[in-house]
Amino acid sequence: DLPEGVRRALASLGVRPPVHASQPVTESLVRAADLVLCAAGEHRAAVVGTWPWAAAKIRMLDAAGDVVDPMGGSGEDYRASLEQVEGAVRRLLDELARAV
């Protein structure tokens, strides 16, 4: 279930919370993916360390650095994290659109 701070941040943007359940990354998920996005450098290092053959398709969501983790923070922390993710996704979509 999504934390209340995430729900409030999404609601402030008029976005309905998605139905989502996290799951551990697995070799089959990595093999099936064209692109694997990580929120933190330590996540990327762990995935690349486990499946080095996939290093070329494993990258950071935000090329500028780690996505700020708002867990336990204020509503403003959640909103700032959401804005960072939104900006990173928009930049990534632009980059991918230019590549095709």
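At what angle do helix 1 and helix 4 pack, and how far apart are their axes? In this predicted model, the two helices meet at an angle of about 60°, and their axes lie 9 Å apart. Because angles of 65 to 115 degrees count as roughly perpendicular and those under 35 degrees as roughly parallel, helix 1 and helix 4 are classed as oblique to each other. The crossing in which helix 1 passes helix 4 is right-handed.

Two or more lining residues are given by each of helix 1 (4–12), helix 2 (27–32), strand 1 (36–38), helix 3 (41–50) and helix 4, and it is helix 4 that supplies the largest share of the lining, with six residues. In total, 36 residues line this pocket, and those that lie nearest its centre are H20, A39, L61, V67 and V85. Divided by class, the lining of the largest pocket comprises 27 nonpolar residues, together with five polar and four charged ones.

Helix 4 spans residues 75–99 and includes G75. The relative accessible area of G75 is 38%, so this residue is assigned as partly exposed, a class that falls between the limits of under 20% for buried and over 50% for exposed residues. Between G75 and A39, which are 36 residues apart along the chain, the separation of the C-alpha atoms is 20 Å; A39 is itself among the residues that lie nearest the centre of the largest pocket.

Technical notes
Residues numbered from 1 in each chain as written. Predicted model: local features only at pLDDT ≥ 70, side-chain atom pairs only at ≥ 80, totals over all residues. Heavy atoms only, no water. Helix = DSSP H or I, 4+ residues; strand = E, 2+ residues; numbered from the N terminus. Buried < 20%, exposed > 50% of the residue type's maximum accessible area, 1.4 Å probe, protein only. 1 Å grid on protein atoms, 1.4 Å probe; cavity = no way out; pocket = protein on both sides within 12 Å on 5 of 7 lines; lining within 4 Å. Nonpolar A, V, L, I, M, F, W, Y, C, P; charged D, E, K, R; others polar. Axes fitted to C-alpha atoms, helices over the stretch in contact; angles between N-to-C directions. Parallel < 35°, antiparallel > 145°, perpendicular 65-115°, else oblique. Left-handed = near helix turned anticlockwise from the far one by under 90°.
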